Amino acid sequence: MKSRKADFIIWTALAVILGLIVSFSFLPLLNVNPVEALQTMLVETFSDTYTMGNILVKTAPLILTGLAFAFTYKANLYNIGAQGQFYVGCICAVAVSLGLAGALPGPLVILLAMLAAMLGGGLMGLLIGFLKARFNASEFLVSMMSTYVITYVMQLLLRTVLQESKHEYLKTDYIDSSVWLPKFLSGTSASIGIFIAVGAAILVWLILYKTALGYRIRVTGQNMDAARMAGINPFVQCMIAFAISGAIAGLAGFIEINGMQHMLLTDFDTDIGSYGIGIAILANANPIGIIFAALLFGVLTVGGTALGHSTDAPASTIDLMQGFVMLFVLMSFFFRKKIELNRMKKQTVGAAEGKEAA
């Protein structure tokens, strides 16, 4: 166990460092000094409260999309469609917020919008889980393709029933300020959404490691046949895992709408689902680790933006940094698994030789 943790820490740290080194090595091609760029990022990112608040704004939904992938991963399932479930949460949250603002007290509308977002995302996840359990459909492909379907449905809604009052742009009206998530850091955009996200991570950890439900999900992921022999229905666990995963991704949509954007528009946060996958892998699917992995991506996002404002580096520099970090994280995941398999083989051979000697 200790060697596994050591491998994880070493390979993850190495992946992040190599990803940053490689991404910064491209900056001279853009006539940007990489040493000065790093200094600019560090200074600008932590220079004032407003910028640090932006880090928390970027971090909150990333925590949740990372949790969405990690939850199904524990059941040996792959929810690649967190982006779509995130959009479902956005649609439900904005619809409830626009429809009920003024008719009900603001805090109650906020609560209803959150529940609607989680319900919408959860039902989408449940559908994917049902198709996997009932027809053995590839959850990888179904969840991935569902994102495209939901994206087009969202665009249809933004052209019809949810379009802003003047019918000029593909977006909704702004939701009333009474249903915005309260800000907790004066002079910034940081809302209590970050606390909701961190609370969700702690709750997911408790569910996975301290409840019978979490035990059944993890056992199903480790060995489906053993789970079945122990009286656990793996098909039920599949649907439950996807439903909870979808609800978490839907919650991210609520935080983004009521906490930051305050409206829904087409083609926003298009990478939040894919970044969630990288964050979950970076944290080895540990819910608490996901908090810190998401914080790293939040820092890179805000730091990359600051770099673009202070130098001639284009806005795509942010994507370059995050992309290389994700690439090296995925590579480190492969090497960690290979090392674990080799270690297990050696232990098995050693145990067999020991028995023969005895």
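Thr-301 touches Lys-58, Ile-318 and Gln-322, leaving aside residues up to four places away in sequence; contact here means heavy atoms within 4.5 Å. This is a predicted model, in which local features need pLDDT of at least 70 and side-chain atom pairs count only at pLDDT 80 or more, while totals for chains, interfaces and linings use all residues. Residues are numbered from 1 along each chain as its sequence is written, and side-chain values use heavy atoms, with hydrogens and water left out.

Thr-301 belongs to helix 12, which covers residues 287-310. Helices (H or I, at least four residues) are DSSP runs, numbered from the N terminus. Thr-301 counts as buried because its relative accessibility is 15%; buried means under 20% relative accessible area, exposed over 50%, and partly exposed in between, with a 1.4 Å probe and protein chains only.

## Pockets and cavity

Thr-301 is also among the residues nearest the centre of the second largest pocket, together with Lys-58, Val-302, Thr-305 and Ile-318. Grid points are joined across faces, edges and corners, and a volume is the space filled by probe spheres set on the points.

The second largest pocket is lined by 29 residues. At least two lining residues come from each of helix 3 (49-73), helix 10 (234-261), helix 11 (272-282), helix 12 and helix 13. Helix 3 gives the largest share of this lining, 7 residues.

The largest pocket has a volume of about 1,200 Å³. Its lining holds 30 residues, and Lys-74, Tyr-209, Asn-284, Ala-285 and Asn-286 are the closest to the centre. Helix 1 (2-25), helix 8 (212-222), helix 12 and helix 13 (316-357) each supply at least two residues of the lining of the largest pocket.

A search of the whole structure finds 1 cavity of 30 Å³ or more. Helix 3, helix 7 and helix 10 each supply at least two residues of its lining, and helix 10 gives the most, with 4 residues. Among the lining residues of the cavity are Leu-56, Ser-189, Ile-255, Glu-256 and Met-260.

The table sets out the volumes and the classes of lining residues. Ala, Val, Leu, Ile, Met, Phe, Trp, Tyr, Cys and Pro count as nonpolar, Asp, Glu, Lys and Arg as charged, and the others, Gly among them, as polar.

| Space | Volume | Lining by class |
|---|---|---|
| Largest pocket | about 1,200 Å³ | 16 nonpolar, 7 polar and 7 charged residues |
| Second largest pocket | about 630 Å³ | 11 nonpolar, 11 polar and 7 charged residues |
| Largest cavity | about 70 Å³ | 7 nonpolar, 4 polar and 1 charged residues |

Helix 5 (residues 106-135) has 30 residues and should span 44 Å at 1.5 Å a residue, which agrees with the 43 Å between its end C-alpha atoms. The expected span is 1.5 Å times one less than the number of residues. Helix 5 is followed by Asn-136, whose phi is positive, near 55°.

The count of salt bridges comes to 2, a salt bridge being a side-chain nitrogen of Lys or Arg within 4 Å of a carboxyl oxygen of Asp or Glu. In one of them, the side chains of Glu-139 and Lys-132 meet at 3.2 Å, N to O. Glu-139 is buried because its relative accessible area is 7%. In the other, the side chains of Asp-225 and Arg-228 meet at 3.1 Å, N to O. Both Asp-225 and Arg-228 lie in helix 9 (residues 224-229), 3 residues apart, or about one turn of the helix. Arg-228 has 40% relative accessibility and therefore counts as partly exposed.

## Loop residues with positive phi

His-167 has a phi near 55°, a positive value in a residue other than glycine. His-167 lies in the loop between helix 6 (139-159) and helix 7 (193-210), and its relative accessibility of 53% is why it counts as exposed.

Asp-267 likewise is a residue other than glycine with a positive phi, near 55°. The loop that holds Asp-267 runs between helix 10 and helix 11. Asp-267 counts as exposed because its relative accessibility is 52%.

Key: 1 Å grid on protein atoms, 1.4 Å probe; cavity = no way out; pocket = protein on both sides within 12 Å on 5 of 7 lines; lining within 4 Å.
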